[in-house]
Amino acid sequence: MRIWYEQNPIRSDPFTPLVSAMATISAALSISFLPPPTRRAASTTFSPRIIKRAARFWCCAEPPSPEQETPAPPSPPPSSLWGVSTSAWTAGVAGLGLLETGYLSYLKLTGSEAFCPVGGGGCGDVLDSDYSVVFGIPLPLVGMLAYGLVAALSLQENSEELLPGLDDLDIRLTLLLLATSLATASAYFLFILNTKFVGTSCVYCLSSAFISFTLFFIRIKDIGLARIQKFVGLQLAVAVIVALSLTNSYSSATTQLKGTDDFVLEPYKIEITAESTPFAISLAKHLHSIGAKMYGAFWCSHCNDQKQMFGREAMEVLDYVECFPNGAGKGKKMANECAATGLEGFPTWIINGKVLPITLMFPL
């Protein structure tokens with residue numbers, strides 16, 4: 001551009017000022033990045049030395065060769081327990097859970113009775129209750145799927161290519177969260193067993209809880225106490241989700257009267273023939289004013305005795321809750337209000353927040 005300008009100094013062109021300005025800026029930029037001795041030469045032409053320096057700078061900017069790359073640190077070796085790898089322990093324990101839940105799933109789907117070696121038929125009452133189904137799915141079937149997934153991941157961790165695309169860290173974290181879910185569910189069901197089925201023994205429930213807690217402690221051993229602190233928040237979140245899901249599923253669960261699987265008792269009403277005394281009417285009004293309630297069942301003789309003790313007028317004032325309004329027996333469920341209270345017998349009074357499974361005695 002500079003040579004053409006010297007040959008045509010008087011040529012009139014509308015782009016001449018723009019071209020001149022661009023040439024001046026380019027020359028200034030090229031000079032500013034060079035040492036002082038080369039600035040004058042660069043203003044007229046490109047020096048081979050400049051091109052060589054640019055080429056040398058470009059070569060230095062290339063990525064290093066594979067021989068110069070730093071190797072990745074090796075993954076930590078798998079932990080062991082009593083000389084056996086934790087993955088093998090996990091697979092074995094999960095296999096036991098898979099066998100138990102598979103047996104219970106077969107019983108649930110075929111309607112067969114469970115063999116209860118301890119506790120007589122008490123475990124059958126638990127396995128056939130509303131708590132044996134979660135969101136309409138048999139609970140043993142859900143457990144069988146969970147134990148099967150744990151066993152498959154454990155074999156994958158033990159160099160068995162069952163689930164492609166998973167690395168060691170993904171498998172370990174997934175197994176930890178699955179074990180946390182199983183342990184949380186087992187703790188929840190142990191609470192249900194001790195509160196809703198008082199005095200009932202369920203060997204399958206206890207064995208399932210033992211298997212779940214064993215898996216949980218094995219996976220903690222695998223991760224290590226030093227590293228497990230990084231996942232405590234995630235574990236707590238999983239535990240809360242499992243507990244809330246089960247609570248939501250069983251919010252409308254009701255219990256069936258034990259020992260009534262073979263007959264149906266239709267509801268009936270017994271007439272109260274006794275007249276209420278002034279004291280009984282006064283007592284009924286007081287109980288009503290403090291929000292006290294009497295829970296009973298139409299077939300309960302002690303409940304009927306309590307009603308006759310108060311008399312007709314007083315029973316019209318009292319807050320009485322019939323726990324089996326649709327009858328008792330096969331397929332008949334306890335009322336939600338009674339089931340939520342956790343009643344153990346009839347009649348039961350709730351006075352000032354206290355559950356009193358008694359018959360109130362007062363002078364007639």
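A residue counts as buried when its relative accessible area is under 20%, as exposed when that area is over 50%, and as partly exposed in between. The structure discussed here is a predicted model, and this cut-off is applied to two of its residues below.

S212 belongs to helix 9, which covers residues 203–223. Its relative accessibility is 1%, so S212 is buried. The side chain of S212 forms a polar contact with the side chain of Y147, at 2.9 Å.

D170 is part of helix 8, residues 168–196. With a relative accessibility of 36%, D170 is classed as partly exposed. From C-alpha to C-alpha, D170 lies 9.8 Å from E157, and the two are 13 residues apart in sequence.

| Residue | Relative accessibility | Class |
|---|---|---|
| S212 | 1% | buried |
| D170 | 36% | partly exposed |

Helix 5 runs over residues 86–110, a length of 25 residues. The distance from its first C-alpha to its last is 36 Å, close to the 36 Å expected at 1.5 Å a residue. Just after helix 5 comes G111, which takes a positive phi of about 75°.

Conventions
Residues are numbered from 1 along each chain as its sequence is written. This is a predicted model: local features need pLDDT of at least 70, side-chain atom pairs count only at pLDDT 80 or more; totals for chains, interfaces and linings use all residues. Side-chain values use heavy atoms; hydrogens and water are left out. Helices (H or I, at least four residues) and strands (E, at least two) are DSSP runs, numbered from the N terminus. The expected span of a helix is 1.5 Å times one less than its number of residues. Buried means under 20% relative accessible area, exposed over 50%, partly exposed in between (1.4 Å probe, protein chains only). A polar contact is a pair of N or O atoms within 3.5 Å; within protein, one must be able to donate a hydrogen and the other to accept it, and residues adjacent in sequence count only if both atoms are side-chain atoms.
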